[in-house]
Amino acid sequence: MENENKLGVMPITKLIWNMSLPIIASMLVQALYNIVDSWFVSRVSEQALTAVSLAFPAQNLMIGLATGTAVGVNALMGRALGAGLRERADRVANNGVFLAVVGFVISALLGLTCSDLFFRSQTQVERIIQMGNDYLRIVTIGSLGMFCQIMYERLLQGTGRSLLSMYTQGLGAIINIILDPIFIFGLKMGVAGAAVATIIGQFCGFALAVWFNHRKNTDITLSLRGFRPDFRLIGEIYAIGLPSVIMIAISSVMTFLMNQILMAFTATAVAVFGVYFKLNSFIFMPIFGLNNGVIPIVAYNYGAQNRRRMMATIKRSTLYACCIMVFGTVLFWAIPDTLLRLFDASDVMLAAGVPALRIIALSFCMAGMCIALGSSFQALGKSMYSMVTSIVRQLVFLVPIAYVLARYGATIGNSDLVWWCYPIAEVSSLLLTLLFFRHIYKTVIAPIPEGHE
C-alpha cells in the first residue's frame, strides 16, 4: 500500500527521481562496464575494437531476448501478486527461469554454428574474423550467466527490490572491470580474455541475484522440484514481452546493416561507430532509467483516473530528458577528440570520429523527447506505438538514408556525410511520436478527470 500511496500522493518531481534514481544508477554501472571493456580492447589494436564492434548486434540480440522475456514475466508476476494469486506468481517466476535457460541454449547453438558466417557477411579481413569468432563464441557459449542474471534481477525489481537488483549489476560490472586487464594483458588472451572476463562477471552477478531471491525475496518461491513448463503461461509471457524483443532485434538489425554500410569506407568507420555506441550509453542510460521510473507513475495514475498527475509526470520527465540530452550534446561537441582518445584512437580514427560524434549529437534532444513521450505509450498499454516508431526510425529512415548518403559521400569525397542519417531519422521519429501522442491524448488522456495534484 505504501508504494501505491506514494505513486498517488507524493509530489511529482520527488516521485520521479525517487522511482528513477536507483534504476539510473544501475544502468550507469552497466554503461561504465561497456566503456571500460572497449577501452581495454582498444589497447590490443584497432582491429580488435572493430571485431568487438561487429559482434555487438549479436550480443544485443541476446540481451533483447533476455530482457524482453523478463518484461513479460514481470508484468504477469506483478498482476498475480497484486491480485493475491501467490501460486500463479510463483509459476510465472519459475517459467521465467526456465525460459532464461532456453534462451541460453539457443544463443550457444547459434554462436557455435553461425559465428563465422556472421562475421564473414560483414568483412573479409581474416584477423578481424578470427578475433570476432573468438570473442562471440565465448560470449554465447557462456551466456547462461547473462540470461539468468537478467531474469533474477528483474524478479527482484518486479517485487519492489530494485536496490538489491542494483547490487547484482554492480558486482558483475566491477568483477568484469577487475578481470579485463588480467585476462587481456596479464594472461595475453587478447579479445578472448575480454569475453572470459565478461562471462565471469555475469556469473558472479547471477550468483548474487539467486542468493537475494532465495534469502530476501519473500514474495515469490523459486523451486524446480516437480517443475513442468506451462506453455499457456509462456504464451502469455511473450504476448507481453515480444514487442520489447522485437524492438531490440530491430536495433541489432540496424547496427548490422550500418556496419556493412560503413565497412565500405574503412574498418576505422566501424570502430568509430562502435565507440559511439559505447559513449552514448552514458547519455542514454539515464534517459532509459528515467523512462522505467516514470512508467509505473503514469500507469498508476491512469488507473486512479488522475489526469493532472499523469500529465505533470509526462511533461516533467520530458523536460528532464531534454536537459540530460543538452548536456550530452555539449559534451560531444566540446571534447569529441578527448572522448575518442579514451579508446586509443589513432590520427585516422580521430579524423573520422570527431565530425561523426558532433553530427550525431545533433539528434540527442529529439531522441530524448521520443523516449520520454514513449513512456506514456507503454504505461497506457500502447507499446505497439513504440515498436512502430522504432521500426520507422531505424529501418525506414536511418539505414536507407545512411546508404544513400554513404554512396553520395563516396562520389564527392566526403565520408562525414553518412552521419547526417541520425539527425534526419530522428526528425521523422519525433514527428511520428508527437502524432501518436496527440492521438493518445485525445482518445485516452483527455477524457480522464483532472484530479488533484
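Axes here are lines fitted to C-alpha atoms, for helices over the stretch in contact, and angles run from 0 to 180 degrees between N-to-C directions. With that in hand, let us look at some close-up views of this predicted model.

**Figure 1. Helix α11 packs against helix α13.**
The two partners are α11 and α13, the latter covering residues 347-361, and their axes lie 8 Å apart at an angle of about 160 degrees. Angles over 145 degrees count as roughly antiparallel, which makes α11 roughly antiparallel to α13. The crossing of this pair is left-handed. Look for Thr329, Phe332 and Trp333 on the α11 side, where they meet Leu357, Arg358 and Ala361 of α13. Sorted by class, the contact between α11 and α13 holds 4 nonpolar residues, 1 polar and 1 charged.

**Figure 2. Helix α2 meets helix α11.**
Here α2 (residues 12-42) packs with α11 (residues 307-334), the angle being about 65 degrees and the axes 10 Å apart. As α2 passes α11, the crossing is right-handed. From α2, the residues making the contact are Ile12, Thr13, Leu15, Ile16 and Trp17. On α11 you can find their counterparts: Arg309, Ala312, Thr313, Arg316, Ser317 and Tyr320. This contact of α2 with α11 counts 6 nonpolar, 3 polar and 2 charged residues.

**Figure 3. Helix α2 also crosses helix α10.**
Now follow α2 to α10 (residues 267-303), where the axes come within 7 Å and cross at roughly 155 degrees. That angle makes α2 roughly antiparallel to α10. This crossing is right-handed. By class, the contact of α2 with α10 contains 20 nonpolar residues, 7 polar and 1 charged.

**Figure 4. The largest cavity has a volume of about 50 Å³.**
How many cavities of 30 Å³ or more does the structure hold? There are 2 of them, and this view shows the largest. Its lining is made by Ser53, Phe56, Thr255, Asn259, Phe273, Gly274, Phe277 and Lys278. Helices α3, α9 and α10 each give at least two residues to this lining, and α10 provides the largest share, with 4 residues. The lining of the largest cavity divides into 3 nonpolar, 4 polar and 1 charged.

**Figure 5. The second largest cavity has a volume of about 40 Å³.**
Around this space, try to spot Leu65, Ala66, Thr69, Leu99, Ala100, Gly103, Phe147, Met151 and Tyr238, which line the second largest cavity. The elements that contribute two or more of the lining residues are α3, α4 and α6 (144-158). By class, the lining of the second largest cavity has 7 nonpolar residues, 2 polar and no charged ones.

**Figure 6. The second largest pocket holds about 400 Å³ of space.**
Which residues of the lining are closest to the centre of this pocket? They are Pro57, Ala58, Leu61, Met62 and Leu110, out of 19 residues that line the second largest pocket. At least two lining residues come from each of α3 (46-82), α4 (86-120), α5 (126-141) and α9 (231-263). Helix α4 gives the largest share of the lining, 7 residues. In the lining of the second largest pocket, 14 residues are nonpolar, 5 are polar and none is charged.

Note on methods: Residues numbered from 1 in each chain as written. Predicted model: local features only at pLDDT ≥ 70, side-chain atom pairs only at ≥ 80, totals over all residues. Heavy atoms only, no water. Left-handed = near helix turned anticlockwise from the far one by under 90°. Contact = heavy atoms within 4.5 Å. Nonpolar A, V, L, I, M, F, W, Y, C, P; charged D, E, K, R; others polar. 1 Å grid on protein atoms, 1.4 Å probe; cavity = no way out; pocket = protein on both sides within 12 Å on 5 of 7 lines; lining within 4 Å. Points joined across faces, edges and corners; volume = space filled by probe spheres on them. Parallel < 35°, antiparallel > 145°, perpendicular 65-115°, else oblique.
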